[in-house]
Amino acid sequence: MKNELHLKFRCPRELEGHLPLPVPATQGVPDWLKTMPATAFSSINIREEETVKRCPPFIDAMTHGFLIPLVCDLRVASGEITWDNEIPPGGALDFPRSPIGFHDEGQVTGTPLFEADRFVIKFHNLWTIEAPEGYGVFFTHPVNRFDLPFTTLSGLVDCDRYHDTWVHFPAHWHNRGFEGVIPKGTPIAQCIPVKRENWIAQISSFTEEETQRVSALQKKIGREPGLYRRNFRT
């Protein structure tokens, strides 16, 4: 039996029952992935080929860790973002009641994100996040969610030490043409626990034995579709 580790999510008492809960990423698979075909015809190879739905690394990345959901609907129209947020005001603690804030464009000066007179949005997260001793949390855009009109910036936080306040999520709104509603519960960030360890790269060319192993595995992969999924996936 695997040793269970806990990532602890806490919210102010006033918000209990008002916020959508963080969920295991396995429960946040988008509808387009559920409904897409497992195979599709390749006009290059002139045969049916497996789609990314049958690609374990693609799926495993999307279903690893936890997802933080958007706290309420966001309506986007004519370049404006509006919302109706029903969470109660703060009591013992002060916290933002708006689902988003903004970073001045000056904070990304010199980066590819900089655009004059254009803010970087910031999703407000009202869950504190505590990791076990020795672990940080890698926060990033929900993996492979190219359908979302924003891209959450990535960051690594030592949440075993820094866990008594919020971690908010800056994001670049890349789809200027988007108009519509981003519904409450849409994932805005993926949380992936990362153990702090020291790594050193060891670089070399193949030995004769390694060359034989690589050649044998390549041939086996060509003969047996789904080999990785059956024999190597944990």
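## Salt bridges

The side chains of Arg75 and Asp84 meet in a salt bridge, with N and O 3.3 Å from each other; the term stands for a side-chain nitrogen of Lys or Arg within 4 Å of a carboxyl oxygen of Asp or Glu. This is a predicted model, in which local features need pLDDT of at least 70 and side-chain atom pairs count only at pLDDT 80 or more, while totals for chains, interfaces and linings use all residues. Residues are numbered from 1 along each chain as its sequence is written, and side-chain values use heavy atoms, with hydrogens and water left out. Of the two partners, Arg75 is partly exposed at a relative accessible area of 32%, whereas Asp84 is exposed at 55% (buried is under 20% relative accessible area, exposed over 50%, partly exposed in between, with a 1.4 Å probe and protein chains only).

The count of salt bridges comes to 12. Another of them joins Arg229 to Glu50, whose closest N and O atoms are 3.8 Å apart. This pair links distant parts of the chain, since Arg229 belongs to helix α4 (residues 227-231) and Glu50 to strand β4 (residues 47-50), 179 residues apart; helices (H or I, at least four residues) and strands (E, at least two) are DSSP runs, numbered from the N terminus. Arg229 is partly exposed, with a relative accessible area of 25%, and Glu50 is also partly exposed, with 38%.

## A loop-to-loop pair and a network

What is the distance between the closest N and O atoms in the salt bridge of Arg196 with Asp160? Those atoms of Arg196 and Asp160 are 2.4 Å apart. Arg196 sits in the loop between β16 (187-195) and α3 (208-223), and Asp160 in the loop between β13 (155-157) and β14 (169-173), so that the pair ties together parts 36 residues apart in sequence. Asp160 is buried, with a relative accessible area of 8%, while Arg196 is partly exposed, with 34%. Salt bridges with shared partners also join Glu50, Arg54 and Arg229 into one network.

An open sheet is built from 5 strands in the order β2-β5-β16-β11-β13, with antiparallel pairing (two strands pair if DSSP finds at least two bridges between them). Strands β2 (23-24) and β13 stand at the edges with a single partner strand each, so one side of each has no neighbour in the sheet. Strand β11 (residues 135-140) is joined to β13 by 3 bridges, the two running antiparallel, and Phe139 stands opposite Gly155 in β13.

When residues up to four places away in sequence are not counted, Phe169 touches Ile68, Ile121, Lys122, Phe123, Asn125, Phe139, Thr152, Ile188 and Ala189.

## The surface and His174

On the surface, Leu217, Ile221, Tyr228 and Phe232 form a nonpolar patch with about 380 Å² of accessible area together.

His174 is found in the loop between β14 and β15 (180-182) and counts as partly exposed at 37% relative accessibility. Its contacts (heavy atoms within 4.5 Å), leaving aside neighbours within four places in sequence, are with Leu148, Pro149, Phe150 and Thr151. The C-alpha atoms of His174 and Arg233 are separated by 34 Å, the two residues being 59 residues apart along the chain.

## The protein as a whole

The protein contains 4 helices and 16 strands, and its C-alpha atoms fill a box of roughly 65 × 45 × 40 Å along the principal axes. Of its 234 residues, 34% count as buried, and the accessible surface comes to about 15,100 Å², of which 54% belongs to carbon and sulfur atoms. Among contacts with a separation of 6 or more, 67% are accounted for by residues 24 or more positions apart.

How values were computed:
Patch = residues over 30% accessible without salt bridge, like charges linked within 9 Å, V, L, I, M, F, W, Y side chains within 5 Å. Areas by Shrake-Rupley, 256 points an atom, 1.4 Å probe, with all protein chains shown as cover.
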